[in-house]
Amino acid sequence: MNIAVVGLSHKTASVEIREKLSIPEPQVESAISQLLGYQHILEVAVLSTCNRLEIYIVSEEPEQGIKEVPQFLSEYSKISLLELRSHLFMLLREDAVMHLMRVAAGLDSLVLGEGQILAQVKNTHKLGQQYNGIKTILNRLFKQAITGGKRVRSETSIGTGAVSISSAAVELAQMKVESLANCRVTILGAGKMSRLLVQHLVSKGAEQISIVNRSVERAQELAKNYSDCQINIHPLSEMLTVITESHMVFTSTSATEPIIDRAKLEMILEPSQCLMLFDISVPRNVAADVNELSNVQAFNVDDLKAVVAQNHESRRKMAQEALGLLEEEVENFDVWWRSLDTIATISCLRNKIETIREQELEKALSRLGSEFAEKHQEVIEALTKGIVNKILHDPMVQLRAQQDVEARKKCMQALQMLFNLDAGEQFS
């Protein structure tokens, strides 16, 4: 069995490509089901965020498995395989393991050290288990990666400062105006990223914030956490009216199509009225044609790179420290992964010994006669099981404890030869 990952990220694909490949949570079950339908994919997990889509698989033939994932992505996104391949990365075995560790720790994020990705990795793990995509190997891998991500955040300082897409967007907005305190700010959406937007806007001095959301109750729950700040709540039906009263608008909704475009803004904005739009959603909430309006400045997640670059250098040294922690977690996973072949050999040996025990017990009971056998069968069966367990105990403990790969391999070969174990059967 081997692990592979096929995906794309902010490093390999623009937001225009990423939004076509975004797999929202309601579609994850279908995606997992389709991927498991391919011949060479035995386990699968789907990690989809605004900055990445990554498909993790387990396959007996990973080279074949990683050919099947692009086929699925091409069908899903309606992008030709030829065009898609130029944006994809593919990693095998130890490289795939370390990649997930880096992702969970925020070391592969647009904002180095950002914390939101760990929650997204946890959710990927939960959904993968729920929809039967994650089984033994990916379950262990994701648990180890989550442990690594937690360690990086608790044992290093890489998570301090502006470490999320939301915080980077607020920093970019702050660079565009003299003071956020004088700006009327609107946020479209009331999810996790919107909560972070409010948090960072308030910390940077914003005092006039409006939240527009489909669920007014959810927006009110968000606003309760910031009683010291004036936050106005509006239903989605009032979106255009609220935008006309705003200097800047942040969009972070789960809409799969743009909710703001040139036609809508032309209808509500005076030619002299300036507006800044910060779209941190993927798929995008703001259509590209708004850039054709001279009085509108629009920014998306790819425009945050300049802000991120300012924070990147100070975190680079912390990232090196974090990598040391992740290498420990990779080694822990690798020890477990290498031990899987010993589990198969031990299981094969136990099955063979158990078969012999049952056959010999049946012979003995038949010779003792039915009256004696019925009266004493439990005692005799317990006796034979106890003997088998005691004989197998030391070999199994020693085999599991053997850390050296070559030494363990020789031990398994010796067991297979001495007990005439079927080498193919142990991997069935």
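**Charge pairs and a positive patch**

Colleague: How does glutamate 155 count by relative accessibility?

Modeller: Glutamate 155 counts as partly exposed, at 42% relative accessibility. Buried means under 20% relative accessible area, exposed means over 50%, and partly exposed is in between (1.4 Å probe, protein chains only). The areas come from the Shrake-Rupley method with a 1.4 Å probe, and for residues only the protein chains shown count as cover.

Colleague: What should I know about the model?

Modeller: This is a predicted model: local features need pLDDT of at least 70, side-chain atom pairs count only at pLDDT 80 or more, and totals for chains, interfaces and linings use all residues. Residues are numbered from 1 along each chain as its sequence is written, and side-chain values use heavy atoms, with hydrogens and water left out.

Colleague: Which side chain meets glutamate 155 in a salt bridge?

Modeller: Arginine 151, at 3.0 Å, N to O. A salt bridge is a side-chain nitrogen of Lys or Arg within 4 Å of a carboxyl oxygen of Asp or Glu.

Colleague: What about lysine 385 and glutamate 381?

Modeller: Their side chains form a salt bridge at 4.0 Å, N to O. They are about one helical turn apart because they sit four residues apart in helix α14 (residues 370-401). Lysine 385 is partly exposed at 39%, and glutamate 381 is partly exposed at 26%.

Colleague: How many salt bridges in the whole structure?

Modeller: The search finds 17. One of them joins arginine 284 and glutamate 16, at 3.5 Å, N to O. That pair links distant parts of the chain, 268 residues apart: arginine 284 is in the loop between β9 (275-279) and β10 (296-300), glutamate 16 in helix α1 (residues 15-21). Arginine 284 is buried at 12%; glutamate 16 is partly exposed at 36%.

Colleague: Which residues are linked in a network of salt bridges?

Modeller: Lys11, Arg52, Glu54 and Asp108.

Colleague: New topic. Which residues gather in a patch of positive charge?

Modeller: Lys126, Lys192, Arg195 and Arg218, on the surface. Patches take residues with over 30% relative accessible area and no salt bridge; like charges are joined within 9 Å. Lys and Arg count as positive. The charge is placed at NZ of Lys or CZ of Arg.

Colleague: Where is arginine 195 found?

Modeller: In helix α9 (residues 192-203). Arginine 195 is partly exposed, at 34%.

Terms used. Patches are made of residues with over 30% relative accessible area and no salt bridge: like charges are joined within 9 Å, nonpolar side chains (Val, Leu, Ile, Met, Phe, Trp, Tyr) within 5 Å. Helices (H or I, at least four residues) and strands (E, at least two) are DSSP runs, numbered from the N terminus.
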